[in-house]
Amino acid sequence: MAETQDNGTTNTTGTAEPEAPAAAKRAARHVARLTKQITAFAERHGGSAEGQLSYVGQRGVRIVLVGQDGTWGDLMAPNHGIAEQAVRRAGITVREHFDGEMAARVRTGPYEWSRMAGIQVGGPSNT
């Protein structure tokens with residue numbers, strides 16, 4: 001009889017499938033890379049940052065970061081578990097929602113204004 005492992009793989013011997021260690025290694029690399037990027041962002045923008053995690057469907061989880069100086073950016077993680085591990089290891093504060101207090105700290109510059117939809121105040125017209 002086949003046994004199901006915690007990782008969701010099934011085989012007849014009850015041992016883990018060879019893909020499981022490879023998947024764990026890939027996840028660890030994702031976490032390490034995201035942690036490094038989050039830490040570097042925080043250091044470049046005032047020494048600390050806050051974040052918020054948003055599920056965006058099959059694409060994964062968006063990690064929105066706001067630095068102490070108001071600069072913001074985002075990263076993508078393949079899933080929520082990897083995103084959570086990365087922000088925890090980076091030591092940033094994670095908010096449940098991108099609320100008014102967090103939004104009020106965001107500074108927008110010329111790049112953001114130029115990228116907004118044409119109907120936005122200050123943007124190019126649609127006509």
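Tutor: Let's start with Arg95, whose side chain makes a polar contact of 3.1 Å with the side chain of Asp99. A second one, at 3.0 Å, links the side chains of Arg95 and Glu101. By polar contact I mean a pair of N or O atoms within 3.5 Å; within protein, one must be able to donate a hydrogen and the other to accept it, and residues adjacent in sequence count only if both atoms are side-chain atoms.

Some ground rules: this is a predicted model, so local features need pLDDT of at least 70 and side-chain atom pairs count only at pLDDT 80 or more, while totals for chains, interfaces and linings use all residues. Residues are numbered from 1 along each chain as its sequence is written, and side-chain values use heavy atoms, with hydrogens and water left out.

Back to Arg95: is it buried or exposed? Arg95 counts as buried because its relative accessible area is 18%, and the cut-offs are under 20% for buried, over 50% for exposed and partly exposed in between (1.4 Å probe, protein chains only). Not counting residues up to four places away in sequence, Arg95 touches Glu50, Gly51, Gln52, Glu101 and Met102, where contact means heavy atoms within 4.5 Å.

Arg95 sits in strand E6. Helices (H or I, at least four residues) and strands (E, at least two) are DSSP runs, numbered from the N terminus. E6 belongs to an open, four-stranded sheet with mixed pairing and the order E5-E4-E3-E6. E5 and E6 (93-95) are its edge strands, each pairing on one side only. From one strand to the next the twist averages 30°; axes are lines fitted to C-alpha atoms, for helices over the stretch in contact, and angles run from 0 to 180 degrees between N-to-C directions.

E3 is mostly covered, with five of its seven residues buried. Further along, E4 and E5 are antiparallel too, with six bridges between them, and Val61 stands opposite Ala77 in E5.

Now the nonpolar side of things. The largest nonpolar core has 18 residues, and Leu34, Ile38, Ile63, Leu65 and Ile92 touch the most other members. Such a core is a set of buried Ala, Val, Leu, Ile, Met, Phe, Trp, Tyr and Cys residues joined through side-chain atoms within 4.5 Å. Helix H1 (19-44), strand E3 (49-55), strand E4 (61-67), strand E5 (72-77) and helix H2 (80-90) each give two or more residues to this core. Leaving aside neighbours within four places in sequence, Ile38 is in contact with Ile63, Leu65, Leu75, Ala86, Val87, Ala90 and Ile92.

Zooming out, the chain has four helices and six strands, running β-β-α-β-β-β-α-β-α-α from the N terminus. Buried residues make up 29% of its 127 residues.

Definitions and conventions. Two strands pair if DSSP finds at least two bridges between them.
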